[in-house]
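Try each task before you read its solution.

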Amino acid sequence: MEVCYQLPVLPLDRPVPKHVLSRRGAISFSSSSSLFGGPAPRQLSKRRGAISYDSEDQTALYIRMLGDVRVRSQMGFEPERRGSHPYLYVDFRTLHSRPEAARPVSARNVRRLLSFQRYLHSSRFFHGIPANNPLGYILDDDFTGQAKLMLQKVGNWNFDIFLFDRLTNGNSLVNLTFHLFNTYGLIELFQLDMVKLRRFLVMIQEDYRCQNPYHNAVHAADVTQAMYCYLQEPKLAETLTSCDLLLGLLAAATHDLDHPGVNQPFLIKTDHYLAALYKNSSVLENHHWKSAVGLLRESDLLSHLTTEDRLNMEERLGSLILATDISRQNDYLSEFRTHLDKGDLCLTNGGHRLFILQMALKCADICNPCRPWKLSKQWSEKVTEEFFHQGDIERKHNLEVTPLCDRQSNSVANIQIGFMAYVVEPLFVEWSRFSDTRLSQTMMSHLSLNKQGWNEGRDKQEASSSRASEEQTTPAAKDSNSKVLPQGSKGS
């Protein structure tokens with residue numbers, strides 16, 4: 001079923017160019033989604049966001065790409081199928097002439113749009129780029145001086161992704177991933193079209209939900225940076241192929257794509273369509289993978305490869321993303337430990353390299369407790385805020401509140417101490433066995449210090465709560481005694 005919305009029509013001085021209408025988001029609202037089995041779009045709607053266009057209609061809006069504002073459910077947690085809800089595309093002219101028309105779009109999104117527009121219209125880009133530095137102008141247009149300096153140390157474990165996100169105006173995922181592709185020479189090796197790559201990365205970033213405190217584009221950028229650190233480790237750097245590097249970075253950037261901000265059990269107990277679609281198995285991870293594949297196909301980033309190569313890369317991408325399912329943590333950890341005990345890991349073997357990439361991505365996904373305290377504490381607070389938000393929704397709608405998500409019986413410190421002890425530490429102990437390097441030692445050192453920090457924080461919190469409880473009971477006891485004594489004296 002196709003949904004259309006009536007928009008205010010602005011007269012134009014000239015016909016809308018056909019090349020504009022062929023672009024994603026030229027004008028349009030399409031509710032079909034081939035990825036989720038929806039009806040096929042009209043013949044004239046070749047791309048997401050396209051609409052049937054009558055060339056004689058001179059009043060059609062000239063609306064550019066990437067200004068989408070999604071229609072959310074009233075409950076505020078239901079994830080949308082890609083293409084299943086209308087997308088509103090914003091006319092750049094109205095952003096200046098009619099401020100009220102831009103109300104649904106956040107200031108952050110507007111800045112992203114204008115930045116990307118400047119990139120697309122760079123005369124230097126369209127008139128040819130010097131061969132000795134094919135990416136230099138693009139980087140100069142998008143990075144401030146401070147952000148460029150940070151990227152020179154992108155392999156540093158102390159890399160502050162929060163600062164980098166501010167310096168890049170909320171575009172940390174796009175800029176970081178583009179830089180890493182350039183660093184590894186993947187653009188030239190795989191003959192990637194730079195405009196398609198840029199568009200693909202922007203679509204990825206925009207498909208992360210910025211209202212999620214934790215599972216957002218900044219988390220994806222942080223995981224991508226961590227993945228790069230692991231790819232630089234000697235055992236991996238000496239054996240991984242260019243295809244492995246490409247898949248590792250793509251998987252890191254897309255591993256939580258379109259995360260709804262709630263966990264799998266929540267989707268299952270609310271009978272969400274994603275739970276039914278993926279039969280209650282790795283629901284979120286399957287959704288992230290299929291969403292990533294949808295963007296790859298929509299952007300045509302790999303369209304120049306053979307069908308067999310594209311499908312193979314999509315399958316391997318899926319195997320990496322599916323490995324981040326925390327419910328299967330023990331399975332992967334047990335297999336990893338067995339390989340290390342036997343000493344039979346051979347990274348010249350493609351299957352073993354894929355397994356190590358899976359383990360590297362798993363480590364990158366939950367590495368926050370191994371970061372310096374300043375960064376780790378921020379991530380801990382953000383993920384707990386997201387947990388508690390789910391618990392609030394469950395309580396509001398009379399659902400059983402997930403213990404981990406109950407703000408009335410849990411604290412940030414308690415959650416983090418348990419997470420470190422039962423999930424993070426066992427994984428990183430085995431990773432350190434596999435790659436006993438300075439980085440591994442640094443991570444384990446931070447993990448130990450952070451555990452100590454949360455334990456001290458919990459002890460202080462408990463002591464403070466105990467004192468507060470005593471202060472509340474002491475006045476009551478005094479009042480009680482002051483009433484009892486006179487009565488006793490009168491009775492005697």
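Buried here means under 20% relative accessible area, while exposed means over 50%. Keep in mind that this is a predicted model.

**Exercise 1.** Work out whether threonine 254 is buried or exposed, and find what it touches.

*Solution.* Start with the location: threonine 254 sits in helix H13. Next, take its relative accessible area, which is 2%, so threonine 254 is buried. Now look for neighbours, skipping residues up to four places away in sequence: threonine 254 touches Ile204, Tyr208, His288, Ala292, Leu317 and Ile321. Finally, check the side chain's polar side: one of its polar atoms lies 2.8 Å from the backbone oxygen of leucine 250.

**Exercise 2.** Describe how helices H11 and H19 cross.

*Solution.* Begin with the axes of H11 (residues 217-231) and H19 (residues 350-365): they come within 8 Å and cross at roughly 135°. The two helices are therefore oblique to each other. As for handedness, H11 passes H19 in a right-handed crossing. Among the residues making the contact are Val223 and Met227 of H11 and Leu357 and Leu361 of H19. Sorted by class, the contact has 10 nonpolar, one polar and one charged residues.

How values were computed: Residues numbered from 1 in each chain as written. Predicted model: local features only at pLDDT ≥ 70, side-chain atom pairs only at ≥ 80, totals over all residues. Heavy atoms only, no water. Axes fitted to C-alpha atoms, helices over the stretch in contact; angles between N-to-C directions. Helix = DSSP H or I, 4+ residues; strand = E, 2+ residues; numbered from the N terminus. Parallel < 35°, antiparallel > 145°, perpendicular 65-115°, else oblique. Left-handed = near helix turned anticlockwise from the far one by under 90°. Contact = heavy atoms within 4.5 Å. Nonpolar A, V, L, I, M, F, W, Y, C, P; charged D, E, K, R; others polar. Buried < 20%, exposed > 50% of the residue type's maximum accessible area, 1.4 Å probe, protein only. Polar contact = N/O pair within 3.5 Å; in protein donor to acceptor, adjacent residues only side chain to side chain.
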